[in-house]
Structure formats: C-alpha cells, structure tokens
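Here are some friendly notes to read beside the model.

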Amino acid sequence: MSATADHAETNLAVRLGFQPDQVVQEIGYDDDVDQELREAIETAIGSELVDEDYDDVADAVVLWFREDDGDLTDALVDAITYMEEGGSILLLTPKTGRDGYVEPSEIGEAATTAGLSQTKSINAGKDWNGSRLITPKGAAKKR
C-alpha cells in the first residue's frame, strides 16, 4: 500500500471520529471484515482494537453485522452496554448484493429502537457500508 493510500485510509478513520488514545471495542469480527479499515482505525487510535471479551468500557465500538447475525436491535443495545457515555458505534454492514446485506430501513429502525441517532453513512471499503451511531445528547445518562 502506498503512503498516499495509507493516509487516505487513516483519514477515513479520523473522519469517522476515531482519535488517538481511544479504547475501541470490536464486535462481530470474522474472516470477511475489511482488514484495511481495521488497520486504519488502529493507526488513528494508536493501539489495537479490543475484542468482545474486553471487560471495561470503551470510547467507541466497531460492530460488524450481517443479516444472519441475529437481531440488530439486540446487537446495538449490547454494544451500548460496553460503551463510555457519549461514545459512538460504527455499524458496518455488507454492501448491496453481498452476502449478509442489511436493509437501510432495518438499520434506521434498529438504531431508533436502541435509542441511537445515525449521524452519517459512509463507504467503508470494497464490501462494507458504515453507519455512525451516537446516543442523542438529551438521552445521555446523568452521573
């Protein structure tokens, strides 16, 4: 990969809101994930992604989700439980025509039901679309 391509991938991770020193938990990892995007996020945060077994809170969650993975609302609610207040979820789903494709309407409905707002959708690689989901400001838990 050229330095320019590497810089462009890192910029995607930065544009998605990933910052140095964040703890980012990855859920739904499998053989089909986009390794370049994973590496770009790791470069942006300056460390490796933590896996599903991480037992502390994370600043953000990367959730790889395919149609056969079960209920999307449940997956989002579970992801929120691992996340620091004010964190975000990057929901990654296969693109149209790929195995495991998830309808945009299902993503919107599941996000709303889970209490999340979709801030942007992005092309996250050759086979993946991404949706950045956040907790609405008014719904943040009081400490």
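**Notes on the model**

1. Let's begin in a loop. Asp-21 sits in the loop between helix 1 (3-15) and strand 1 (24-27); helices (H or I, at least four residues) and strands (E, at least two) are DSSP runs, numbered from the N terminus. Its phi is near 70°, a positive value in a residue other than glycine. Asp-21 is exposed, with a relative accessible area of 73%; exposed means over 50% relative accessible area, buried under 20%, and partly exposed in between (1.4 Å probe, protein chains only).

2. A word on the source. This is a predicted model, in which local features need pLDDT of at least 70 and side-chain atom pairs count only at pLDDT 80 or more, while totals for chains, interfaces and linings use all residues. Residues are numbered from 1 along each chain as its sequence is written, and side-chain values use heavy atoms, leaving out hydrogens and water.

3. Now to helix 2 (residues 35-45), where Leu-37, Arg-38, Ala-40, Ile-41, Ala-44 and Ile-45 are buried. They lie on the same side of helix 2 because they cover an arc of only 160° around the axis, the arc being that of the directions from the helix axis to the C-beta atoms. An α-helix has 3.6 residues a turn, so residues three or four places apart point the same way.

4. What happens at the ends of this helix? Asp-34 caps the N-terminal end of helix 2, with a side-chain oxygen 3.0 Å from the backbone nitrogen of Glu-36. Just after helix 2, Gly-46 takes a positive phi of about 80°.

5. Arg-38 deserves a look of its own. This residue of helix 2 is buried, with a relative accessible area of 14%. Its side chain joins that of Glu-26 through a polar contact of 2.7 Å (a pair of N or O atoms within 3.5 Å; within protein, one must be able to donate a hydrogen and the other to accept it, and residues adjacent in sequence count only if both atoms are side-chain atoms). Leaving aside neighbours within four places in sequence, Arg-38 is in contact (heavy atoms within 4.5 Å) with Glu-26, Tyr-29, Val-33, Leu-49 and Trp-64.

6. Finally, the aromatic rings. The structure holds one aromatic pair: Trp-64 and Trp-128, edge-to-face, 4.8 Å centre to centre with 80° between the planes. Rings of Phe, Tyr and Trp (its six-membered ring) pair if their centres lie within 6.5 Å; planes under 30 degrees apart count as stacked, over 60 as edge-to-face and the rest as tilted. The pair links distant parts of the chain, with Trp-64 in strand 2 (residues 58-64) and Trp-128 in strand 5 (residues 128-134), 64 residues apart. Trp-64 is buried at 1% relative accessibility, and Trp-128 is buried with a relative accessible area of 2%.
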